[in-house]
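Have the sequence and the 3D view open, and click along as we go.

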Amino acid sequence: MTATPHVLDPQIVEAVRAAQQVMVLSGAGMSAESGVPTFRDAQTGLWEDFDPEDLATPGAWQHDPEFVWAWYAWRIGLVRGVEPNLGHRALAELAQLRPTTIATQNIDDLHERAGSEVLAHLHGSLFRFRCAECGAPYDGAVEVPDKPVERLAPPRCETCGERVRPGVVWFGEDLPLAEFEATVTAIENLSPGDVALVIGTSGVVFPAAGLPAIALAAGATVIEINPQETEISDMAHLHVRAPVAVALPPLVAALRD
Ligand code: BJW
Ligand code: ZN
């Protein structure tokens, strides 16, 4: 006998079915089943002795830009080599069934490659670069070695000749203001009966971790999809304790009927 997957908890299906708007707030767990390690997973290979929280900082870049650039180059290669998972694809289908807005903390492009439009990449993108000195965007070539290397010289800015840096948001840096404000506005515009899906985030990094509270204040039903309990679990009305590629396809399929 096949057990009914608890993701099909009728309350969850009914909540999403009744929603006029769905807001998706995704984090690293969204891409885990594509083969992208979550941020707080143990790192492997050359970076196993380093805590990503120490590498994703302006201080790490100041101290050793070639080491930090090599880490990002490796991650660019990793993401280019993987595919959106069934969870990403289900969300792209959800947008055909209900008005759906996605704001992600992820710097990968897997939502877009699954066919979703993304309102905001709150922590930037692996595929955007800018000068660390003058801030000019950099569209030139970026070398991605076949194998991980410990150090790699970042490209040089075409305007001022200084180093180009990843277009991501490190600790202590500002989020892209327009994208953050658009996200807050989209959440504030939710109405009672609408749904916020909080997917695959540990809820420890602010201000993104504060967004579910805004959805709650707007009266939306907050649904957490995460195999683990998190810092923001208490805020959610409903929980799906399953990985995204297991949780989302049956939920979206149930809406289709
Ligand atoms: C699955 C799964 C599966 C696994 N299916 N789920 C208030 C209080 C305290 C501190 C602060 C505060 N406000 C600001 C701060 C300081 C700081 C901060 O938050 N520090 C805390 C750590 C204490 N924040 C900042 O400095 C931010 N800047 C800022 O606030 O500027 C002021 C400002 C405010 C408002 C507007 C404008 C400006 C910047 C934060 C930058 C974060 N950057 C990083 C690195 C990006 C580049 C890179 O990747 O290299 O972003 S850190 C890292 O954490 C990355 C992630 O996006 C982010 C969040 O991680 P996430 O997504 O939650 O992943 P994990 O790994 O933590 O969790 C994965 C989850 O998935 C787990 O729960 C698993 O169970 C689950 N999972 N498999 C579903 N298959
Ligand atoms: Zn420059």
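What follows is a tour of the ligand site, then the cysteines, and then a few single residues picked out along the chain.

One thing before we start: this is a predicted model, so please read every value below as computed from predicted coordinates.

**The ligand site**

Which residues come nearest to ligand 1? There are 37 residues around ligand 1, and the nearest of them are Tyr72, Arg75, Gly172, Thr201 and Ser202. Sorted by type, that shell holds 20 nonpolar, 12 polar and 5 charged residues. Helix 4, which covers residues 65-80, is the biggest giver to the shell around ligand 1, with 3 residues. Two domains take part as well: domain 1 (1-34 + 84-123 + 175-257) and domain 2 (37-81 + 124-168) each supply at least three residues of the shell.

| Side chain | Atom of ligand 1 | Distance |
|---|---|---|
| Glu33 | nitrogen | 2.7 Å |
| Tyr72 | oxygen | 2.5 Å |
| Thr201 | oxygen | 2.7 Å |

How much of ligand 1 does the protein bury? On its own, ligand 1 would expose 1500 Å², and the protein buries 77% of that area.

The side chains of Thr201 and Gln105 are joined by a polar contact of 3.0 Å. You'll find Gln105 in the loop between strand 2 (100-104) and helix 6 (110-113). Is Gln105 buried or exposed? Gln105 counts as buried, because its relative accessibility of 17% is under the 20% cut-off.

Back on helix 4, have a look at Glu66, which also lies in that helix. Glu66 has 28% relative accessibility, so it counts as partly exposed. Glu66 and Arg163 sit 97 residues apart in sequence, and their C-alpha atoms are 9.8 Å apart in space.

**The cysteines**

If you're wondering about disulfides, how many does a search of the whole structure find? The count is 0. As a reminder, a disulfide is a covalent bond between the sulfur atoms of two cysteines.

Cys131 has a relative accessible area of 2%, so it is buried. Cys160 counts as partly exposed, at 37% relative accessibility. Cys134 is also partly exposed, with a value of 42%.

Where does Cys134 sit? Look in the loop between strand 4 (124-131) and strand 5 (164-168). From Cys134 to Thr159 the chain runs 25 residues, while the C-alpha to C-alpha distance is 8.1 Å.

**Two prolines**

That loop between strand 4 and strand 5 also holds Pro148. Pro148 is partly exposed, with a relative accessible area of 43%. For a sense of scale, Pro148 and Ala253 are 105 residues apart in sequence and 40 Å apart in space, C-alpha to C-alpha.

The other proline to check is Pro207, in the loop between strand 6 (195-199) and helix 8 (211-217). Most peptide bonds are trans. The one from Phe206 to Pro207 is cis, with omega near 5 degrees.

**A leucine pair**

Last stop: Leu94, in helix 5 (residues 86-97).

Terms used: Residues are numbered from 1 along each chain as its sequence is written. Chains are lettered from A and ligands numbered from 1 in the order in which they are written. This is a predicted model: local features need pLDDT of at least 70, side-chain atom pairs count only at pLDDT 80 or more; totals for chains, interfaces and linings use all residues. Side-chain values use heavy atoms; hydrogens and water are left out. A residue is near a molecule or strand if one of its heavy atoms lies within 4 Å of it. A polar contact is a pair of N or O atoms within 3.5 Å; within protein, one must be able to donate a hydrogen and the other to accept it, and residues adjacent in sequence count only if both atoms are side-chain atoms. Accessible areas come from the Shrake-Rupley method with a 1.4 Å probe; for residues, only the protein chains shown count as cover. Helices (H or I, at least four residues) and strands (E, at least two) are DSSP runs, numbered from the N terminus. Ala, Val, Leu, Ile, Met, Phe, Trp, Tyr, Cys and Pro count as nonpolar, Asp, Glu, Lys and Arg as charged, and the others, Gly among them, as polar. Domain bounds come from an automatic or database domain assignment. A disulfide is a pair of cysteine sulfur atoms within 2.5 Å. Buried means under 20% relative accessible area, exposed over 50%, partly exposed in between (1.4 Å probe, protein chains only).
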